[in-house]
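Thank you all for coming. I would like to walk through one protein chain this morning, slowly, and with the picture in view.

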Amino acid sequence: MSYWQGVSVIALSREGREMTPVSRVLVVSDDAKWQAEVLTGLGAAAVQLENPFGLTFLGVVQLGEAMERVAADGDIQIVLIDKLLHEKGLAQPAVQLANRINAFRPELSLYILLVDDDQKLLVEEMASHAVDGYFYRDELDFSGWFRILTAELAEKSATPFYDRLRQYVRMAKDSWHTPGHSGGDSLKGSPWVGDFYEFVGENMLRADLSVSVPMLDSLLHPTGVIAESQALAAKAFGARKTYFATNGTSTSNKVIFQTLLTPGATLLLDRNCHKSVHHGVILSGARPVYLDSSINPRYGIFGPVSKATLFAAIEAHPEARVLILTSCTYDGLRYDLEPIVEAAHAKGIKVVVDEAWYGFARFHPELRPTALEAGADYVTQSTHKVLSAFSQAGMIHVNDPDFDEHLFRENFNMHASTSPQYNLIASLDVARKQAVMEGYRLLERTLRLAQELRQKIDSTGVFRVLELEDLLPEEVREDGIRLDPTKLTIDITGSGFSADELQQALFERYNIQVEKSTFSTVTLLLTIGTTRSKVSRLHDAMLRLAKERRPRHVARRLPEIPHFSRLACLPRDAFYEEGERLPLLDDEGLPNSELVGRVCCDQIVPYPPGIPVLVPGQVIDESILSYLARLQKAQKTIEMHGLAEDAGDCVVRVLSSAEFLQLPSRILFS
C-alpha cells in the first residue's frame, strides 16, 4: 500500500491558537502507477495551495482494505474510488464499494474517478444516492481536484447561522432594541450583578439578540442563514426537511401532533411515552389508544411495547392516523422499527418516533438504523441530550411524503417563542457540524469507553452493569430489541446502599452526578463528551464504595403498575372541565371507594417510573386506586405528579356526573 500522509500543524488564527483539523482522503485503486501519480500530485497541491482543513492523502488497493480503513480511521472525510477498480468475483466493485461505504458511514463524501460519460450513467443508475461527485481519471488536474475537495469540506463543515451570529457580534453595533440587558451592558460593572456578567461571558451576552436583527434570519419564517443551517442538518441526518426547535422535544412532539391530528382522530401511543406526548393528546383533541409497555418488575424498568401488541393495535384500528413510539427508551432499549413502520404504513398510518435520547445514532454503524432509516415519517430529537447543543435545543426531522409544510409552520409558530434564544440556534448549527466532521471518531471512543466502564464496574464484584438480557421484559425477548451501549444501568442491590444513599455518596464524596435511579439501579449516560479521566474517576469511586459493602439491602419493589382501564371521553374534554376534588384516602387512611368508577381530569404520574397511571378521561378502577394509595402511603420518596393538595391531603380531580353527561365525546366510548 502506498500513501502520502501529512501531519497536523498548529496554526495561528484571528481567534487565537487553534489546531488545524486533519482530513484524510482515501484513494482506492489497484492501478499502482496511476494511484502513485494521484497521491503525489494531490500531496503537492496540499503543500502549494491553501489547506485550511488539513487534507492529507493515502491509498489502498482492495475493497476490503478500503472498508477496514474507513472503519478504523475517523479522520477520513473523503473517498476517491477508481471506476477501473477490479475485485475477483465481484461485478462493478467501484459501485459496490461506494454503496457499502455510504451504508456504513453516510457522512463521508464519495467521488468516482471515471474514464468516460458512459461510466457516469452506470454509476448514476446504481449509486447516485451515495456519490457526491466525479473526476475524469486521465485529466489529472490535481490543483483543480484539490480545490474541489476543499470546497466539499467547506460546504460540509459550514455553520451559516453561527458564522453570521459571530460576525454580528464582532460588528459591535449599539443596541437600541431588546433584550433589556443590551448586550450585557446593564450587568457589566454592577456591584450587585456584575459577577453574572463575568460568569456567563461577554460573547454569550452580546449574542443574546432579538428578531430586530434582520441579518440573523427568523426562526418562525426562515429564508436566510437559519434556512441554510436547517438544510445542512437535513442532509446530515437523512431527512427531507429539518427544523430547529428551541423548546426541546417536548414542544416538538406537540407541534407534530397538532399538524397530523384533528379532534377525535385516532392515535396509537405507547403508554410509556414522554409526558409531552400525553399533553399533545390533550391539546390536539385526539382519541388515544393507549398501548401497555412491557415491564421488567425486578428492576422497575419499563420497556418497549411488544410487537404482538403493536401489530394487533394496527390491525384493530385501521382508522388511526398516527402511531408514536419512543426509541430508544430512557434505559437504552431500541425497537426493531422497520417491520413496525411497514405494518403501520400498510394501513396508511403515519409513524412518529421520539428519538430524544438517540440523536447521535446516524453517525456510527453500531447505533443504526435510525428511525428515519427505518422509514419513520417524523422524528423528534433532543440534540442537547447526546450531542453538543445547549439545553432545550432540538430538531424535528420530516420524511413524510404527504408533508403539509404550511400547516406544520402554523403549528410550529403557535408554540415557538417570537424571541428565540439565538445561542441555542447557533449550538444546533455547531452540533450538526461536529457530528458530521468527527462524530464517528468521537462515538467510536465513547463506545470503547462504555465497554471499558462496564468491565471496570463489574470487576468491583459488588456493582454490576445490566446487559440486554437482564433489562428485557419477558414479553419482548423475541422482538429484536437492541440496547444502546452508551446507557449503563447498574444493579446496586449487592452494595447495601439504597439508590438515594448511593447517589448522595457519589455526589458529596466523589463529585459525580448520575443520570437517574430506580429502587435498585442507577443509570449513567455516556456521550461524546465522556473522557477517559471521567471513567477513571467513576471507577475509583465505585471501587471505594464497593469496599464499604453493607449488609445486602432489601430492595423495595414498586407494586406492579395496573393495566390501562378504559377511556370514558376524550382526554381534552375531561381536562378542560372544572371537575370536583375527592381525597385519595378516606378518613381511615384507606383507598377512597368514592373514586372507583369516576373519570379522572388530570394526568397522574408517579415518578419514578414516570408512566401515567391515569390520563384525563380515564376511568378509575379498584386496581388503580389501590396502586396509588399504596404508593402514597409506602413510597415516600416517589413524587406523585398530577395529584392536587387540599389541607395537606392528596386529592384527585374527577368529572362531576353533570359534567360527564354533557360531554359529546362520551358517546364515542360508550
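Let me begin with a term that I will need in a moment: a residue is called buried when its relative accessible area is under 20%, exposed when that value is over 50%, and partly exposed when it falls in between. Please also keep in mind that what you see is a predicted model, with an average pLDDT of 92 for the protein chain and a score of at least 70 for 95% of the residues. The stretch to treat with care is residues 1-17, where the pLDDT is below 50, although this stretch does have 38 contacts in the model beyond near neighbours in sequence.

With that term in hand, please look at strand S16, which covers residues 350-354 and is mostly covered, since five of its five residues are buried. Which residues lie on each side of S16? On one side are Lys350, Val352 and Asp354, on the other are Val351 and Val353, and all of these are buried, which leaves both faces of the strand covered.

S16 also has partners. Strand S14, residues 322-326, runs parallel to S16 and is joined to it by five bridges, and in this pairing Thr326 stands opposite Asp354. Strand S17, residues 378-381, pairs with S16 in the parallel sense as well, over three bridges, and here Val353 stands opposite Val379 in S17.

For S22, two bridges join it to strand S23, residues 521-525, in an antiparallel arrangement, and Ser517 has Val522 in S23 as its bridge partner.

Most residues other than glycine have a negative phi, and most peptide bonds are trans. Another runs from Ser327 to Cys328, with omega near 5 degrees, and Cys328 sits in the loop between S14 and strand S15.

There are also positive phi values to point out. Gln92 has a phi near 50 degrees without being a glycine, and its place is in the loop between strand S6 and helix H3. Asp217, also not a glycine, has a positive phi of about 70 degrees and lies in the loop between helix H8 and helix H9. Is each of these two buried or partly exposed? Gln92 has 28% relative accessibility, and therefore counts as partly exposed, whereas Asp217 is buried because its relative accessible area is 11%.

Finally, let us turn to the surface. Trp192, Val193, Phe196 and Phe199 make a nonpolar surface patch of about 560 Å². One of these, Phe199, has its place in helix H7, and with a relative accessible area of 72% it is exposed.

Technical notes
Residues are numbered from 1 along each chain as its sequence is written. This is a predicted model: local features need pLDDT of at least 70, side-chain atom pairs count only at pLDDT 80 or more; totals for chains, interfaces and linings use all residues. Side-chain values use heavy atoms; hydrogens and water are left out. pLDDT is the predictor's confidence in each residue, from 0 to 100. Contact means heavy atoms within 4.5 Å. Buried means under 20% relative accessible area, exposed over 50%, partly exposed in between (1.4 Å probe, protein chains only). Helices (H or I, at least four residues) and strands (E, at least two) are DSSP runs, numbered from the N terminus. Two strands pair if DSSP finds at least two bridges between them. Patches are made of residues with over 30% relative accessible area and no salt bridge: like charges are joined within 9 Å, nonpolar side chains (Val, Leu, Ile, Met, Phe, Trp, Tyr) within 5 Å. Accessible areas come from the Shrake-Rupley method with a 1.4 Å probe; for residues, only the protein chains shown count as cover. A salt bridge is a side-chain nitrogen of Lys or Arg within 4 Å of a carboxyl oxygen of Asp or Glu.
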